[in-house]
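Q: Hi! I have a structure open and would like to talk it through with you. Shall we start?

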Amino acid sequence: MPGMDGATVGERAHDDTGALRRTLSFRDLVVYGLLFIAPMAPVGIFGTLQATSHGAITAVYVVATVAMAFTAYSYAQMVRVVPKAGSVYAYARVGLGRGAGFVAGWMAMLDYLLIPAVAYLFSGIALHALVPQVHQWVWTAVAVVVTTLLNLWGVRTAAVVGFAVLALEIAVLVVFVVAAVWALAAHGAQRGWAVPLTGEGGFSLDAVLAAVSVAVLSYLGFDAIASFAEEASGGSRRVARAVVTCLVVAGVLFAVQTYLAALLAPMSAAELAARPGEQGAAFYTTVDSAVGGWLHDLVAVSKAIGAAFAALAGQAAAGRLLFAMARDRRLPGAMAKVDAGSGVPRRALLGAALVTLVAAVWAAARDDGLDRLSSIVNVGALSAFALLHASVIGWFRFRRQGAPPSVLRHVVVPLLGLAVVVAVVVEASPTAQIVGGVWLLVGLVVLAVQYARAGAGPSDA
């Protein structure tokens, strides 16, 4: 690739588009990542993971954090090479070629548009539970509108408000930890202290790995930090450090809360497995029985607000992805414009918000909407992760000029990350695999049409 003989690529100005402003600090980047993940993300799937792992839920999150660390490391490698908006789309484009870059962006787009929809739906469900007179689709739509306005206001404004919301979520988590420790000191644990790590009746590696395929959903979003590379002050190294920091902090928070909840849970893993209808509310049931209803309501309010702002971060990342692809003429060029006043890609944000609004409200109006939407949100991101790992190998092993690559950092680590991603995709639901496959086929058709219109051949891929 001509002109790519330096440490980084893609730093040249684009001729007919605006420039994103470098206003985000290291703290802002971590806030966006943790908002998208949500500090209490395990609450909704606590019962499912307990049942699947035979009670070794904390071991599940330890393994999941280590597994996702390979992906975080690959992001840290590539964000230094390509300090641009677009994240995995930009990385695959440089490391593997234009065609692979489009496919990576196309697959990531599926998740960046649907994960916020799931988060908005969680917010609508929680608010409907608190104010049942208002239907959950109305609450869902309100959450979309409010957070979209914040994103359009500007990235710094959204980051400041997001920091306040994140502080609230962490405060609620601290309250839960303190209350759980008090309950354990006053009444003791419901099971052995090592059970959340070893499982009930012995450790089962197969059960833990099966649960890991679900637990990784809690981490989708830490990679959104990379999409703000052009808006981060301090350079790409700060972005790379924020990606890794966000993953480590999330892993610790997830391990602590699941360990305490597992010790206090009134139902065993076997009982939860026998009663799948009880799994969704298992965390709240634990809080009710061990502490009291007041903490149940506090956690519910925190989840309602936190989910909406997780969607805010996801929507912002989706807007940057659409902006980057449009800037490279892979999507309609209108989305490549940056608003002069706010400094954000307004049209790309509005496009992402519209798709998310339709998906979220559609799901909120259906009894099975949450199941349908949540079953397909992981395959797109995981497919993009696979191309990310391949991009590290492609760039450092075959495309970069200069010093030879490190076999460990640039070949072995991404290969391990790729193996983890493939294993998780294999464990995904059939519905998710079908939707991901169809979405991929549509993307390949779009790519073929673009090549045909441009008169390009395979050499341009």
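Predicted model: local features only at pLDDT ≥ 70, side-chain atom pairs only at ≥ 80, totals over all residues.

Q: What about the radius of gyration of the protein chain?
A: The protein chain comes out at 22 Å. A compact globule with 461 residues would be near 23 Å, so the value agrees with that expectation.

Q: What box do the C-alpha atoms fill?
A: Along the principal axes, the C-alpha atoms of the protein chain fill a box of roughly 70 × 50 × 40 Å.

Q: What percentage of the contacts between residues at least 6 apart in sequence join residues at least 24 apart?
A: That figure is 83% for the protein chain.

Q: On to confidence. What is the mean pLDDT of the protein chain?
A: The mean is 81, with 90% of the residues reaching 70 or more.

Q: Where is confidence lowest, and where is it highest?
A: In the protein chain, the lowest is helix α15, residues 369-374, with a mean of 67. The highest is helix α8, residues 195-198, at 93.

Q: And residues 1-17, how many contacts does that stretch have beyond near neighbours in sequence?
A: Residues 1-17 have 30 such contacts in the model, with a pLDDT below 50 over the stretch. Residues 456-461 also have a pLDDT below 50, and that stretch has nine contacts beyond near neighbours in sequence.

Q: Let's change topic to backbone angles. What is phi of His54 near?
A: Phi of His54 is near 60 degrees, a positive value in a residue other than glycine. Most residues other than glycine have a negative phi.

Q: Where does His54 sit?
A: His54 is in the loop between α2 (46-52) and α3 (57-81). This residue is partly exposed, with a relative accessible area of 38%.

Q: And what is phi of Arg329 near?
A: Near 65 degrees, again a positive value in a residue other than glycine. Arg329 lies in the loop between α13 (293-327) and α14 (346-364).

Q: Buried or exposed, that Arg329?
A: Arg329 counts as exposed, because its relative accessibility is 58% and the cut-off for exposed is over 50%.

Q: Next, the glycines. Where is Gly202, and what is its loop between?
A: Gly202 is in the loop between α8 and α9. At 39% relative accessibility, Gly202 counts as partly exposed.

Q: How far apart are the C-alpha atoms of Gly202 and His54?
A: They are separated by 8.6 Å, although the two residues are 148 residues apart along the chain.

Q: What about Gly201, buried or exposed?
A: Gly201 is exposed, with a relative accessible area of 91%. Its place is in the loop between α8 and α9 (205-215).

Q: Which helix holds Thr148?
A: Thr148 is in helix α6, residues 136-153, and is buried, with a relative accessible area of 8%.

Q: What is Thr148 in contact with, leaving aside its neighbours within four places in sequence?
A: Tyr120, Gln315, Leu350 and Ala353 are the contacts of Thr148.

Q: Last one: why is Ser268 buried?
A: Ser268 is buried because its relative accessible area is 19% and the cut-off is under 20%. Ser268 sits in the loop between α10 (236-264) and α11 (269-274). Beyond its neighbours within four places in sequence, Ser268 is in contact with Arg191 and Glu200.

Notes
Residues numbered from 1 in each chain as written. Heavy atoms only, no water. Rg over C-alpha atoms; globule rule 2.2 N^0.38 Å. Contact = heavy atoms within 4.5 Å. pLDDT = per-residue confidence, 0-100. Helix = DSSP H or I, 4+ residues; strand = E, 2+ residues; numbered from the N terminus. Buried < 20%, exposed > 50% of the residue type's maximum accessible area, 1.4 Å probe, protein only.
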